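User: I would like to go through this structure and ask what stands behind the labels used for it. Please set each value against its cut-off.

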Amino acid sequence: MNSAIVPSQTATAAQRPDIDRFIAGLRHHSRWKMLKEFCAGEPRTIAELVKVAGCSYDNASKHLFQLFRAELVARGRGRVYEMPKQYLPMPGQPVVDYDH
């Protein structure tokens with residue numbers, strides 16, 4: 001018997017969002033505006049993101065669902081959304097690294 005354990009994925013690969021969903025999540029300029037807002041590291045409500053994205057509440061909700069489905073944002077407590085901690089930029093840097 002071979003007792004060697006070979007991991008199927010590295011830790012980094014396991015944290016990457018699915019590339020097809022990732023690309024689909026970035027297809028609309030309103031989503032880019034929302035992601036920029038999330039880079040501040042603070043949770044945001046849908047009402048706050050409506051103002052940032054310049055769209056209706058319903059459209060903002062749909063955009064957030066697409067970002068959530070693509071694993072670009074996470075649902076927080078109290079109906080807020082936030083960027084997953086592993087993707088937040090380093091303090092003082094406006095760059096988000098999704099490792100793709």
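This is a predicted model: local features need pLDDT of at least 70, side-chain atom pairs count only at pLDDT 80 or more; totals for chains, interfaces and linings use all residues.

User: Is H63 buried or exposed, and how do you know?

Analyst: The relative accessibility of H63 is 9%. Buried means under 20%, so H63 counts as buried.

User: Which residues is H63 in contact with, leaving aside its neighbours within four places in sequence?

Analyst: H63 is in contact with H28, S30, R31, M34 and C55. Contact here means heavy atoms within 4.5 Å.

User: Why are α3 and α5 called roughly perpendicular?

Analyst: Their axes cross at roughly 70° and come within 10 Å. Angles of 65 to 115 degrees count as roughly perpendicular, and α3 and α5 are therefore given that label. On the α3 side the contact is made by S30, R31, M34, L35 and F38, and on the α5 side by A60, H63, L64, Q66 and L67. By class, this contact has 6 nonpolar, 3 polar and 1 charged residues.

User: What makes α3 and α4 oblique to each other?

Analyst: The axes of α3 and α4 cross at roughly 120° and come within 9 Å. The range for roughly perpendicular ends at 115 degrees, and roughly antiparallel needs over 145. The pair is therefore oblique. The crossing of α3 and α4 is right-handed.

User: Which residues of α3 and α4 meet?

Analyst: From α3 there are S30, K33, M34, E37 and F38, and they meet L49, V52 and A53 in α4. The residues of this contact divide into 5 nonpolar, 1 polar and 2 charged.

User: Which residues of α4 are buried, and how do you know that they are on the same side of the helix?

Analyst: Helix α4 covers residues 46-53, and I46, L49 and A53 are buried in it. They cover an arc of only 60° around the axis, so they lie on the same side of α4.

User: What covers the buried residues of α4?

Analyst: The cover includes α3 (29-38), β1 (44-45), α5 (57-69) and β3 (80-82). Just after α4 comes G54, with a positive phi of about 70°.

User: Why is R79 called exposed and E71 partly exposed?

Analyst: Exposed means over 50%, and partly exposed lies between that and the 20% limit for buried. R79 has 75% relative accessibility, so R79 counts as exposed. E71 has 38%, so E71 counts as partly exposed.

User: What makes E42 partly exposed, and where is E42 found?

Analyst: E42 is found in the loop between α3 and β1. Its relative accessibility is 46%, and the label exposed would need over 50%. E42 therefore counts as partly exposed.

User: How many residues apart in sequence are E42 and Y81, and how far apart in space?

Analyst: E42 and Y81 are 39 residues apart in sequence. In space their C-alpha atoms are 8.8 Å apart.

Note on methods. Residues are numbered from 1 along each chain as its sequence is written. Side-chain values use heavy atoms; hydrogens and water are left out. Buried means under 20% relative accessible area, exposed over 50%, partly exposed in between (1.4 Å probe, protein chains only). Helices (H or I, at least four residues) and strands (E, at least two) are DSSP runs, numbered from the N terminus. The arc is that of the directions from the helix axis to the C-beta atoms. Axes are lines fitted to C-alpha atoms, for helices over the stretch in contact, and angles run from 0 to 180 degrees between N-to-C directions. Angles under 35 degrees count as roughly parallel, over 145 as roughly antiparallel, 65 to 115 as roughly perpendicular and the rest as oblique. Ala, Val, Leu, Ile, Met, Phe, Trp, Tyr, Cys and Pro count as nonpolar, Asp, Glu, Lys and Arg as charged, and the others, Gly among them, as polar. A crossing is left-handed if the near helix is turned anticlockwise from the far one by less than a right angle, and right-handed if clockwise.
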